Amino acid sequence: MGCIGISLYAGRPMDMKQSEWREFSDLPGLSSGEAAARAAEGKSNRYQGVRTPSVGRIVVRNVFSLFHLLMAGLATAVFLAGSPRNALFLGVIVSNAAIGIFQELRAKRAADRLNLLSARRVAVIRDGGEKQIVPEEIVLGDLLLCRTGDQLPVDARVVRGEAEVNESFLTGESEPVEKAAGDALLSGSFLTAGRCAAEVTAVNAGVYAARITDRAKKIKRPTSEIRRSLNLILKIGMVLIPFLGGGLFLKQILAGQTAGDAVVAAVASMLGMIPSGLILLSTVVYAAGVTRLARRKVTVSEHNAIETLARVDVLCLDKTGTVTEGSMRVAGVFPIGRSREEAEELLRRFAALSPDSNGTAEALRRAFPGERENGGRTIPFSSRHRFSAVSDGEGALFLGAPETVLRKQAEACGERLSSLHEEGMRVVALALGKELPERAEIPEGLEPAALIALEDPVRETAEETFRAFREAGVEIKLISGDDAKTAEAVAKKAGIPVKGSVDMTGIESFDAEFVGNNTVFGRVTPEKKCEILQKLRQKHVTAMVGDGVNDVLALHEADVGAAMASGSSAARNKAELILLDSDPKALLDAVEEGRRAIRSVERTSTLYLAKTIYTLLLTVLVLFFSDTYPFQPIHMTLIGAVTIGIPSVFLGLERNEGPVRGRFLANVMRTTLPAALLSLAAMSAGHFGGKLLGLSPGEISTMTTAAAVIAGLTVVWGLARPFTCRHALLLAALAAIFLGAAFLFPGFFLLAPLPSSAVLLLAAVGVCSVICHPLLCRLFRRLLPVEKKRSRNDKKARPV
């Protein structure tokens, strides 16, 4: 996609009678005054586009969230109560805010980079002469001068001349489109042949490419069942925590505690009810998956995308450049009245002499390589006359559509042509003539030489990849701007089962049932691609794979979008995943990482949510059955580090194979509830057992903390399946960390020495925990069985 270079006459108009544009010299164009007036009226191409959130707004939104404000309030209360050591949990606020800001700034940069037009300078007619200007200086009504290789920065209408225009990145149609006087030129398309003068009909936000850009520039919040579930838990907690914390504070005051002690106790209970590190850990797990995918040449711009991809049940694909390789190749040569060697030599001769640089010419040069030659006169290809021709001194070679080049003689090849067309091939014919005509017309009496079958080959890995997706229960849709029959033939070659094929030309409205009943969609505009995705998302989790500007809206609409690295920058900037090898097979690796991430987050979520539930229940028990709360914030920090923080990192980052079944919350609750009840029972035994033994408040707190650690380590043992030597070392290290804190830093962690009777009670708690935890897990697996049937109306319940 070349652009017009910078002219020596960039500052003043050049006499068009002395330039390459002399055939347009009688066109007046605008004067400098008229252009300035229109620019002042806002009719210039100075387009700012959709504004993304400012950096300051992103920072404020992430720092001053409800969760962070609550945590900051708790920390402030602890400081005012004179116990700064109990405010170690502030590190969670910093980490969560930093990660949130980083992710949103990256999304903002990607959106700001979304620019579909790459033109730098264009030629216009101003003051009766040619002038080079930047696209931002174009105004409505300007006359553009366009030639082969130029990209249109605005929408325009051809006034004079003819050109071949490639609109594939905009419409998905791979064939060049002939443009003549009166025809529209779309911004973002580029000329592959010819030259023309065109009047600007739309600028800035009104141009076609800008409309696509605006709709795609809005930052998409990726769908994530895990994140939605965690946010729901946090919202419920935000409602309950202040009431329970306030109730505990009043209970402590009424029991004769000082205001400072009551504040510390209330903060400890509220801190325990907040799963503060869970979102941070889920981000770390996703980040590890992203790193592993990077080694497999898949880049991920949004961590949640790998979770969403693991739940996808409909995969939508663009055809050209996605299912196919995106470049034409010679699939077969069928000689007519001569040997194959003679036919191939003629094709080699044609490829060396042809000036064309379209897909057909390049395919011939790859199949029949040779030195490029500057022979005699040539006729470049045009879709208007549908052939090209070269002269080699001894005669002329004609290459084009069979019905054009062979005329009536094409009927003799009818069976062969029909067979090739059914296979999705493009067929051209080669013929010999005595001399090249003066005009672009086929002379009589050409001698047929060969039929050449061309194809955009299906990727070698396509059939294997799509079979793997089908076996995983993922339905595949092929959505293309090309002809429906061609797209259907490609789908069959790629091993995609076709239950219905439809040409979307003239179909203005359709419903989800219509989309569900068809596999292949042809002649689809970017807007219709987006609408198809909207209908699918009503009942499914969708993924879209594309490479062109025409795919940008669909990539934005899908639950997760993947782009080929070889595609347009607009598609790459909008997609959550970029396939660096430009091969959909890499999606299988992403699905595997998504499954691993989901299972890892499900497993580690048990540790965090169990603490939330048992702390909430413990607070209720204290409100009704005890005068003092057994923990201080520093105790909760120690318990959290030993039984949740450290083990969750190890368990979250290790390999966790297997399918994803059921809903996230149901799966988590199946292991969380046994863990919470076990921990509550252990802490109750420690708390009330300590009272029965006549222990001091400090000893009761120490005993309850130790009981909570024992139950927590039992839960870690239960989650570490299959149990390995590595897990045994982890449990030993966690126990050593707690004992080290108790014996080496008892003053800092507010732990007191325990009498032998208390140690024996803790030993009994440990034995009972090991026995009861498997029984509780078995009970809740029966009460909450894994969901086997998936509702078509619940896309969040769909596993891969």
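Predicted model: local features only at pLDDT ≥ 70, side-chain atom pairs only at ≥ 80, totals over all residues.

Author: Residues are numbered from 1 along each chain as its sequence is written, and side-chain values use heavy atoms, with hydrogens and water left out.

Reader: Which residues touch the most other members of the largest nonpolar core?

Author: A nonpolar core is a set of buried Ala, Val, Leu, Ile, Met, Phe, Trp, Tyr and Cys residues joined through side-chain atoms within 4.5 Å. Buried means under 20% relative accessible area, exposed over 50%, partly exposed in between (1.4 Å probe, protein chains only). The largest core has 98 residues, and the ones touching the most other members are Leu309, Leu317 and Leu577.

Reader: Which helix gives this core its largest share?

Author: Helices (H or I, at least four residues) and strands (E, at least two) are DSSP runs, numbered from the N terminus. The largest share is 14 residues, and it comes from helix H22 (residues 586–625).

Reader: How many residues are in the second, separate core?

Author: Its members include Val333, Leu346, Leu399 and Leu432. The count for this second core is 22 residues.

Reader: Why is the pair of Phe387 and Phe398 classed as it is?

Author: Rings of Phe, Tyr and Trp (its six-membered ring) pair if their centres lie within 6.5 Å; planes under 30 degrees apart count as stacked, over 60 as edge-to-face and the rest as tilted. The whole structure holds 4 aromatic pairs. For Phe387 and Phe398, the centres are 6.1 Å apart and the planes lie at 40°, so the pair is tilted.

Reader: Which strands hold Phe387 and Phe398?

Author: Both residues are buried. They sit 11 residues apart, and their pair links distant parts of the chain. Phe387 is in strand S12 (residues 387–391), and Phe398 is in strand S13 (residues 396–400).

Reader: Is Phe749 buried or exposed?

Author: Phe749 forms an edge-to-face pair with Phe748, at 5.1 Å centre to centre and 85° between the planes. Phe748 is partly exposed at 37% relative accessible area. Phe749 has 16%, so the class is buried.

Reader: Which residues form one aromatic cluster?

Author: The cluster is made of phenylalanines. Its members are Phe510, Phe514 and Phe521.

Reader: Where does Val60 lie?

Author: Val60 has a relative accessible area of 45%, so it is partly exposed. Its place is in helix H2.
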